[in-house]
Amino acid sequence: MALAGRAALRWGARLPSHGPAAAPLCRQAWLPAACGRPYSSRGKEEIDMSTYPVESIRNFSIIAHVDHGKSTLADRLLEITGTISKTDRNKQVLDKLQVERERGITVKAQSASLFYSHEGINYLLNLIDTPGHVDFSYEVSRSLSACQGVILVVDANEGIQAQTVANFYLAFEAQLSIIPVINKIDLKNADPERVEKQIEKLFDIPTDECIRISAKQGTNVEKVLQKVIEKIPPPQGNTADPLKALVFDSTFDHYRGVIANIALFGGEIAKGQKIVSAHTKKRYEVHEVGILTPNEQPTHKLYAGQVGYLIAGMKEVTEAQIGDTLFLYKQPVEPLPGFKSAKPMVFAGMYPIDQTEYNNLKSALERLTLNDSSVTVHRDSSLALGAGWRLGFLGLLHMEVFNQRLEQEYNMSVILTAPTVPYKAVLSSAKLIKEYGKDQITIINPAQFPDKFSVSEYLEPTVLGTIVTPHEYIGKIITLCQDRRAVQKDLLYIDENRVMLKYLFPLNEIVVDFYDALKSLSSGYASFDYEDAGYQSADLIKMDILLNGNPVEELATIIHNDKAYAAGKLLCERLKETIPRQLFEIAIQAAIGKKIIARETLKPYRKNVVAKCYGGDITRRMKLLRRQAEGKRLMRKIGNVEVPRDAFIRVLKRETDK
Amino acid sequence: TPCPQWPYCRKRCSYCNFNTYVVPAVDEAAVRSCLVREAQTLLRLSQVHRWVHRVGSGGVLGPSCPPAASHPLPHSVTSVFFGGGTPSLASPGTIAAVLEAVAGAAHLPAGAEVTLEANPSSTSASALDGFRAAGVNRLSIGVQVRGALPAAAAAAPRGPIVTVLPPQSLDDAELRMLGREHTAAEALKAVEAARGLFPGRTSIDLLFGLPGQSRDAWAQGLEATLRVCDDHISLYQLTLERGTALAAQVRDGALPAPPQDLLADMYQTARSVLVAAGFRHYEVSNFARKGALSTHNLSYWQAEQYIGVGPGAHGRFVLRAEGGCSREARVQTLEPVAWMREVQSQGHGTRSRAVLSPLEQLEELLTLGLRTDEGITHKRWGHFSPQLSLQAVFGEPGEARALQQEGWLVLDNGGLRCTWAGLAVLDSLLPDLLWQLQRV
């Protein structure tokens, strides 16, 4: 799903190659472009970073809605500054993963240091790629905290979209200088004037501050660089101070361990120094520091205000958590504010399609999560689906991309169950409070759902959603939002034709199919983005599914009271379609506690025998019967009812997988 | 038992997915010589004349070779079945040539059942007379011409039988929907003509569960059938086969899909009506009175040996001539032109051969045998499984025991068989039984 856009998601990394067999010289064996270094870095001699005092440094990001041209602009900036050579092949140079190029999103942010001479001064411009999607709003905020300014790219044809709004506010709240850029002015339908007015109306930026460019053709791109130097203030920080470095990204390399991307807020760092993580309190010796051009290029030192990488014998990405502060051993500093551990917002079960694939999938998951500490992995098992995991993701796009990478990079096909969200319960039962050691618990598995008599309040996660749409769809969209229990917070015409809506959504109402519904009722024109908005009180209940009176553990769900009847009915209907008829009648029921809220009846077979069976076609028939006989092994028995694994898969898995 | 295939039809019926071909002109002489040649080759390979056979025992079927010639009866072909396509479109001369070839390569007793599937529109009295003269002695008349039917089965000289193809329906509108060429009146005439020539040995086929067919229409059709029928009726629930015109019409909503409950009602009605009329319900879809069971088809359900001749025909037999003692599943090349080329160059057009393992043979025996009212006798089971008795496999606690307790199955001195209720849901019982068998 393309919830985000060309969002540089910060969890990923230079991926390990497929396996240990891959050539060590070429870490991304699956991506030839990355191997051959198609762009020239600035030679092998080490750059003396002390020649770049803070006054000559600019740290900035590019932020944009999906497909508005962020990566293309980055390509041009790299070319103009000589960071890479100018060839036709420079397409999304910083987007190296297959999934990135296919989907037009940046999964792995690649930062790059650019050298640029302007009015006789040599500048060091650090382009810090940031995730643009709110799944990664925390990562974005950490990346932005290493910047002093942003280039806000808006498509001259499409205008402001939902993600543009979300990005703008992130930058605005971080008090960064904003350089508005209107891209794709070469397109036939480009209407930069209209977009300038939108920007003025929504963001209060005077129209004459917008730079009209065509990143594709290079038009006015140089002007953008000049604005970066003029408008964005240099970082603050003093080399004489003790070391204070922010970890804003980390990646894993099979041969060198963790590579942490850092921004120095004070002091300097060099090989051989002993450093400490403020979060883990662990001590490391620095093996290597350097800058990214965009490949790692070692330097003697890095100084206050500069951005680069560090290798220090960290074995796992969890040791270099995004937002952590590094300081010199025995010279502790006040950690930079805002550090949080990754907090999964969407959970889904993941199972191998075939249990014999379990170990392969396990090793693929281990490799992929090496680079992505924000995915939480817990072993789980389901009587129907076998052994698997419950994975926690930062959001939907994160889940989607993770799954796609498993498929593309590890050739793993999996069953991914419909996503659920973490609910909370405020406990009132003294017994339960004692048992949990706290009065508020997070519920991920419906089996843990405490009944209402021991709870004073249930809570559900919410998000503030932004929708930008042509106005003709507004009625349908409002109806859709109301169906999803959303509360309208804002409605604003950003120009004569376009409306921005803001709604507070319960998260679970958008995790399954909201985006698809929105896209389909707006013919693809509406855009959507959301940000975390905390928890709210909710009338939650646990709904059980019964087959001939016996509960089916894996189908129990936590659901809002208002939605229980509709959801129960739908589940029963889907089960009726997927459970094969048997020799006896099967009652399929949805129940809340003892109360039955929906029922479907699956009638028994009265006749099930193939009409013609002679010599001719027996081979094919035997094949079918043997498969059915073998299927008995995989049947999940609920009481006397046999439920094939397929039925669970079809009921549990996400709609989009159909 | 050879089962020669005539793969050609004048027109493709809307429900048929058999291996049939509608071509402007058939080179009958070439097809005939290939059928003859292939029948000769396969009979030689099977060495039918040396089959050691006791009546009803099913010949040499066990996983191990029987002691040589303990019953040195001469071995013979028990039945011949001409299927299709529409074999009644072939000339009587072709039928005669094939029968002569069979008789030349193996013993074909005078009483052996020789069935011809026939289509009402190609069964004039004179044509039928010609077929009778050629050696056909049983006719199966239907609207529907079926694909590959095998040939020789065990020797049971109970007199020959000809099957004329199924007449599916005696209603013109229904016949049009099925894409049949003939009308109800033609079908009736054909049945009359056939009964005149093959008294007591004319079978008719009826289809039920046609899209839009009502319970009443079916009951009336049954009554009409009882007024004209002979002593054998096959009645088939219409199967909407993938790739057929009828299935496409139902899928697209142009025709209604018959409800499951209605189909079950139709089947139960027919069973009751026919049994009341003196018919024995001897197989899921087959009814006979006065002992007019189809020897040939029984041989399939009893897992005996049969030889498939012609494009796309299937066979199950032991290749004695090659010193084999294992039952093989053989399929002949599907496409007629390719099949003919192969027969001309190597004597037969066998496209695939697979030795059936003892377990596979037992699986087939269960699947086929339980379709009959007699079920699987201890004796027949013992031929395939000398070591493990029926009792040892299915008498222990497990699926079969549960199915017996629920009233679907019976295991007693007579063997293993379905109850009246169980027969109608056999396909729901089989996976359980096969699963239990596989675990033994």
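Which helices and strands of chain A each supply at least two residues of the lining of the second largest pocket? They are strand 17 (346-352), strand 18 (376-382), strand 27 (540-547), strand 29 (557-560), helix 13 (561-578) and helix 15 (645-652). Helices (H or I, at least four residues) and strands (E, at least two) are DSSP runs, numbered from the N terminus.

Before we walk on, a word on the ground rules. This is a predicted model, in which local features need pLDDT of at least 70 and side-chain atom pairs count only at pLDDT 80 or more, while totals for chains, interfaces and linings use all residues. Residues are numbered from 1 along each chain as its sequence is written, chains are lettered from A and ligands numbered from 1 in the order in which they are written, and side-chain values use heavy atoms, with hydrogens and water left out.

Let us stay with that pocket for a moment. The second largest pocket holds about 1,400 Å³ of space. Its lining counts 48 residues, and the closest to the centre are Ala418(A), Pro419(A), Thr420(A), Thr557(A) and Ile558(A). On a 1 Å grid over the protein atoms alone, a pocket is an open set of points where a 1.4 Å probe fits, with protein on both sides within 12 Å along at least five of seven lines, unlike a cavity, from which the probe cannot get out; lining residues have an atom within 4 Å of a point. Points are joined across faces, edges and corners, and the volume is the space filled by probe spheres set on them. Helix 13 of chain A gives the most to this lining, with six residues. By class, the lining has 25 nonpolar, nine polar and 14 charged residues. Here Ala, Val, Leu, Ile, Met, Phe, Trp, Tyr, Cys and Pro count as nonpolar, Asp, Glu, Lys and Arg as charged, and the others, Gly among them, as polar.

Strand 18 of chain A, one of the elements in that lining, is also the place of His378(A). His378(A) is partly exposed because its relative accessibility is 49%, where buried means under 20% relative accessible area, exposed over 50% and partly exposed in between (1.4 Å probe, protein chains only). Leaving aside residues up to four places away in sequence, His378(A) touches Gly388(A), Trp389(A) and Arg390(A); contact means heavy atoms within 4.5 Å. Gly349(A) is 29 residues from His378(A) along the chain, and their C-alpha atoms are separated by 9.4 Å.

Chain A as a whole has 15 helices and 33 strands. Of its 658 residues, 59% are buried. Among contacts in chain A between residues at least 6 apart in sequence, 71% join residues at least 24 apart.

Some backbone angles in chain A deserve a look. Most residues other than glycine have a negative phi, and most peptide bonds are trans. Gln175(A), which is not a glycine, has a positive phi of about 60°. Gln175(A) sits in the loop between helix 5 (162-173) and strand 5 (177-183), and with a relative accessible area of 73% it is exposed. Asn220(A), also not a glycine, has a positive phi of about 65°. The loop between strand 6 (211-212) and helix 7 (221-231) holds Asn220(A), which is partly exposed at 31%. The peptide bond from Thr293(A) to Pro294(A) is cis, with omega near -10°, and Pro294(A) lies in the loop between strand 12 (288-292) and strand 13 (296-299).

Now over to chain B, with its 16 helices and 15 strands. Buried residues make up 62% of its 440 residues. Thr350(B) lies in strand 13 (residues 350-355) of this chain and is buried, with a relative accessible area of 12%. Its side chain makes polar contacts with the side chains of Arg330(B) at 2.9 Å and Gln332(B) at 3.2 Å. A polar contact is a pair of N or O atoms within 3.5 Å; within protein, one must be able to donate a hydrogen and the other to accept it, and residues adjacent in sequence count only if both atoms are side-chain atoms.

Glu113(B), in strand 3 (residues 113-118) of chain B, is buried at 1% relative accessibility. The side chain of Glu113(B) reaches the backbone nitrogen of His296(B) at 2.9 Å.
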